Amino acid sequence: MSEQEIKVPDLGGAEEVEVIELLVSVGDSVEAEDPLLTIETDKASVELPSPGAGKITKLTVKVGDKVKEGDVIGMMEASGESSGSDETEGADASENEPEEKAEEKPQSKSSPKSQDEPEQSKPAPKKKSGGTRKETVLVPPLDGMENVPIIEINVSEGDTIEADDALVTVESDKATMEIPAPYGGKVTKILVAEGDKLSEGDKLLELTVAEEGDEEDDKQDEPPAESGEEAKPEAKADDDKGKQKEPAAQEQSSTYEPPAPGAKVHAGPAVRKLAREMGADMTHIKGSGPKSRILKDDVQVYVKSQLQQTQQGGSVGTGSGIPGVKLPDFSQFGDIEREAMSRMMSVTATNMQRSWLNVPHVTQFEDADITDMEAFRKSQKAAGEKKGVKMTPLPFLLKACATALAELPQFNVSLDMERKEVVHKRYIHIGIAVDTPNGLMVPVIRDVDQKGLWELAAESAELAQKARDKKLKPAEMQGACFTITSLGGIGGTAFTPIVNTPEVAILGVSKAAMKPVWDGSEFQPRLMLPLSLSYDHRAVNGADAARFTAVLSQLLGDIRSLLL
Ligand code: CAO
């Protein structure tokens, strides 16, 4: 066993670079090519690989240090006579050359990957080496288009780029597309100019690419190399179908999924590998490392949270097979500002999406004649002032819904799809959607069927105020059988509310308006209240929904029947 220095290899032209992460500690056993530390320039982050297999005996750098080519960053005790010992069992023979590795070029996380070569192939990129190679990047398939003009060149000669970075932007009369880099490297020569017209297979630019040592790690993550005179991307895509992305042009239109903004992922090969093994889309993972670099922990936390959500019946991201919505870079259209979602907003968004994706919604509309109800309500104004309670239409709606739920109990259920059971509720608790400065909240009034109008008026006002003051307790937002969402104080003629699952129906109320109503011999001006009942069509059939709104309409049209 001999101790050897670990030196910073050729940095591909970069001068001094910063150490942003130490990936090993003294005493760690490593294998050849294991990442030892991560360095970052202003253009790229790179993991420095171990020159061979062995044990780290000393580390002479720390996070924040600046290093340059040739600097000693630590010492290691080589294991066995070569790194091709037990520790690297199964590795390629070519992977076990410590001396050569000591001078090896760092592996850019976005370096090209050795791919399954198409037969008519190219000067094959070496599977393992310590040098660089030159690649000519060709125009991938342009979605059937030809001679598409370049409107912008997004890189300059000398730039260090990463896989998927936009190289040029082309614009047809139908769409704007960015042509992404098939792999990372240094741009040595740009072979096109703005205004040039591009077709599939045209040469775009030349890249100097660091040879890959960990290609197995990133292979499936990265698009294949398109080099020199090799097969056209399409032919290659066939070869590799299902295994890797094709560097096809990415439109910024709704039908094509462009790279998401911020989708430029900062992570090393080991982390990418972990994410790939776990099936995690790295563009959705928030990095907690320096410069938002994604660390192993971030991947684990992300996967855990996704699993939890799935177990809770959530429909997460693209897990349900539904393609995620990719955003364009809005800043290209004008000034933008980003703001973190509040917790309430993100919880509401998740709940809405869950319901929207799980529940087959239908909405039934009905107008209720509340002329007499309003006359009665207004007549109670003085009484209300005495009691210190304002009587709004809401308590009447609550009472009418409680009666309708009792009459049509198929609305007072939840579905347990796992056990294939219908849960019948023998209580009538109703949620009321409250608009607050912090977002939508739904406090719940319990046993509505057992309460009087004044009691309901007082309780709903109190709960709405608590919601606005953020004083609701969790218990006050649980247990609803049904929800009322009233936009009547604001306006609108109808809307299609989303069922608050696991409830199976929700009543939307719009603004009452005077309308001419035919009484059999003439039109009468009547105050009509628009009702919109959305329901889960798995639990409730359309006829029952029409019955439910008819019952509501009848109850609100003659509130004496609420007493019956
Ligand atoms: N048609 C006409 N006027 C109506 C009405 C209707 N359907 N409903 C209420 N009004 C009137 C009230 O009578 C009151 O007028 P007056 O002061 O002249 O009596 C005024 O509108 C304001 O009422 P309100 O909103 O204070 O009281 P409310 O009991 O009707 O509603 C609450 C309470 C909490 C439901 C309501 O304040 C609220 O937050 N609504 C929004 C709910 C929401 O955001 N839903 C969306 C969910 S989906 O995103």
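Reply: Start with the polar contact: a pair of N or O atoms within 3.5 Å; within protein, one must be able to donate a hydrogen and the other to accept it, and residues adjacent in sequence count only if both atoms are side-chain atoms. Here, a polar side-chain atom of threonine 392 lies 2.5 Å from an oxygen atom of the ligand. Threonine 485 places a polar side-chain atom 2.7 Å from a ligand nitrogen atom. Serine 510 uses a backbone N or O atom, 2.9 Å from a nitrogen atom of the ligand.

Me: What kind of model is this, and how is it numbered?

Reply: It is a predicted model: local features need pLDDT of at least 70, side-chain atom pairs count only at pLDDT 80 or more, and totals for chains, interfaces and linings use all residues. Residues are numbered from 1 along each chain as its sequence is written, and side-chain values use heavy atoms, with hydrogens and water left out.

Me: How many residues surround the ligand?

Reply: A residue is near a molecule if one of its heavy atoms lies within 4 Å of it. Here 21 residues surround the ligand. The closest are Lys390, Thr392, Arg468, Thr485 and Ala512.

Me: How do I read a pair of aromatic rings?

Reply: A pair of aromatic rings is described by the distance of the centres and the angle of the planes. Rings of Phe, Tyr and Trp (its six-membered ring) pair if their centres lie within 6.5 Å; planes under 30 degrees apart count as stacked, over 60 as edge-to-face and the rest as tilted. This structure holds four aromatic pairs. One of them joins phenylalanine 376 and phenylalanine 396: it is edge-to-face, 6.2 Å centre to centre, with 90 degrees between the planes.

Me: Which pair is tilted?

Reply: The rings of phenylalanine 482 and phenylalanine 548 are tilted, because their planes stand at 35 degrees, with centres 5.5 Å apart. Phenylalanine 482 is buried at 0% relative accessibility. Phenylalanine 548 is also buried, with a relative accessible area of 0%. Ring pairs link Phe411, Phe482 and Phe548 into a cluster.

Notes. Buried means under 20% relative accessible area, exposed over 50%, partly exposed in between (1.4 Å probe, protein chains only).
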